[in-house]
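Student: Could we go through this structure together, with the terms spelled out as we use them?

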2 protein chains.
Amino acid sequence: MLPKEIQQFIESFSKLPSVGPRLATRLAFHIIGKDKASAARIESALHGLGKLSRCERCFFLKEEGKNVCDICGDTKRDPSIIAIVEKETDLIAIEKTKIFKGQYFVLGELSEKTTLEAGQKLRLERLKKRINDELAGKAKEIIIALALNSFGDFTAMLITDMFKNSALKITRIGRGIPTGGEIEFADEETLVSALERRS
Amino acid sequence: MLPKEIQQFIESFSKLPSVGPRLATRLAFHIIGKDKASAARIESALHGLGKLSRCERCFFLKEEGKNVCDICGDTKRDPSIIAIVEKETDLIAIEKTKIFKGQYFVLGELSEKTTLEAGQKLRLERLKKRINDELAGKAKEIIIALALNSFGDFTAMLITDMFKNSALKITRIGRGIPTGGEIEFADEETLVSALERRS
């Protein structure tokens with residue numbers, strides 16, 4: 001009953017995270033209902049993503065024609081403090097706090113196989129080279145900002161082992177009760193950490 | 001901090017219904033993380049929407065190169081029973097029930113000005129012409145399937161007045177308690193209608 005273009009749109013967009021068939025359908029008709037210029041802007045915004053490539057230093061994204069991303073290119077940041085994050089959105093969340101003045105390293109999404117993928121191993125090799133080349137083999141600090149779950153824990157162990165001679169200290173972001181969180185509902189492990197890290 | 005392509009994507013997509021900046025950001029990185037072929041499929045799905053045009057008979061959407069939409073072109077459907085809907089998604093919801101064997105007329109989204117827009121008036125003129133040309137000026141039934149709120153009520157009045165000589169009967173979809181709905185929480189107006197329409 002639906003034109004095939006709409007079916008294809010719904011099929012394609014309903015696979016995106018948090019977009020089911022219902023929202024994909026609404027989006028289709030919303031976009032169709034817009035004037036040509038607005039629809040073209042949406043299309044060009046999507047097309048623009050294809051122009052991005054990864055920063056070869058930290059694996060975040062950089063604009064076309066630039067050698068490194070804006071963060072790696074920012075000389076006011078301390079290259080010897082390196083936060084290892086899983087995803088680009090984790091980096092963005094940390095940047096929003098405005099308190100971190102070091103640089104980053106994006107590992108890529110952790111798989112459920114609790115082992116690093118080949119691409120992730122390559123990225124870590126590049127990080128080692130970066131520390132060797134730029135910091136004479138020793139970073140001031142590597143902050144492992146991975147999720148505080150079993151995948152993150154396991155990967156943190158691997159990274160700690162791999163970089164034990166490449167940094168003066170290797171830390172992990174603190175486990176604790178989130179702002180607004182109630183003690184009553186915190187799991188035991190979190191509560192133990194929160195007690196230990198009391199201030 | 002974010003490459004301008006991502007900023008443009010977020011700005012553009014976060015204006016879409018039910019897509020805020022947070023989801024737009026997730027979508028951007030999700031799409032960037034896909035292989036080139038998947039990203040191209042998403043882009044082409046979006047591009048495809050631009051090829052659609054409106055059926056000149058009912059104002060639903062039709063594929064490129066076709067004269068009318070699939071519903072208007074379906075000879076098994078009764079052209080003398082016409083459901084007037086506001087939006088394409090309303091039509092889809094009714095089609096999913098599989099019980100309606102008439103045809104449709106899409107009025108377009110009701111504005112909050114409680115008056116018909118010029119484009120909607122033109123569409124209604126075309127509906128009148130359709131009834132005159134195809135049904136010798138008299139439809140068997142016009143079902144006003146507009147929302148049961150004040151905008152829908154007002155527009156239903158206008159349409160009833162405009163088509164009073166063009167249909168044997170003009171009906172509205174029944175007001176009542178939705179499936180699973182509790183009597184306790186129904187508003188008074190709904191409950192009155194539900195009592196009156198008891199069966």
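Predicted model: local features only at pLDDT ≥ 70, side-chain atom pairs only at ≥ 80, totals over all residues.

Tutor: Residues are numbered from 1 along each chain as its sequence is written, and chains are lettered from A and ligands numbered from 1 in the order in which they are written.

Student: By what turn can chain B be laid on chain A?

Tutor: The copies are superposed by least squares on the C-alpha atoms of residues with pLDDT of at least 70 in both. The RMSD is 0.1 Å and the shift along the axis is 0.0 Å, with a turn of 180°. That is the relation of a two-fold axis, and the C-alpha of chain B nearest this axis, 3.6 Å from it, belongs to B:E43. The turn asked for is 180°.

Student: How many residues of chain B are in contact with chain A?

Tutor: Two residues are in contact if their C-beta atoms, placed from the backbone, lie within 7 Å. Because 100% of the interface residues of chain B are also interface residues in chain A, the copies meet through the same surface. Chain A takes part with 43 residues, and the number for chain B is 43.

Student: Which residues of α3(B) are buried?

Tutor: A residue is buried if 20 or more other C-beta atoms lie within 10 Å of its own, exposed if 12 or fewer, and partly exposed in between, with C-beta atoms placed from the backbone. On the other side of α3(B), B:K36 and B:A37 are exposed. The buried residues are B:I42, B:A45, B:L46, B:G48 and B:L49.

Conventions. Helix = DSSP H or I, 4+ residues; strand = E, 2+ residues; numbered from the N terminus.
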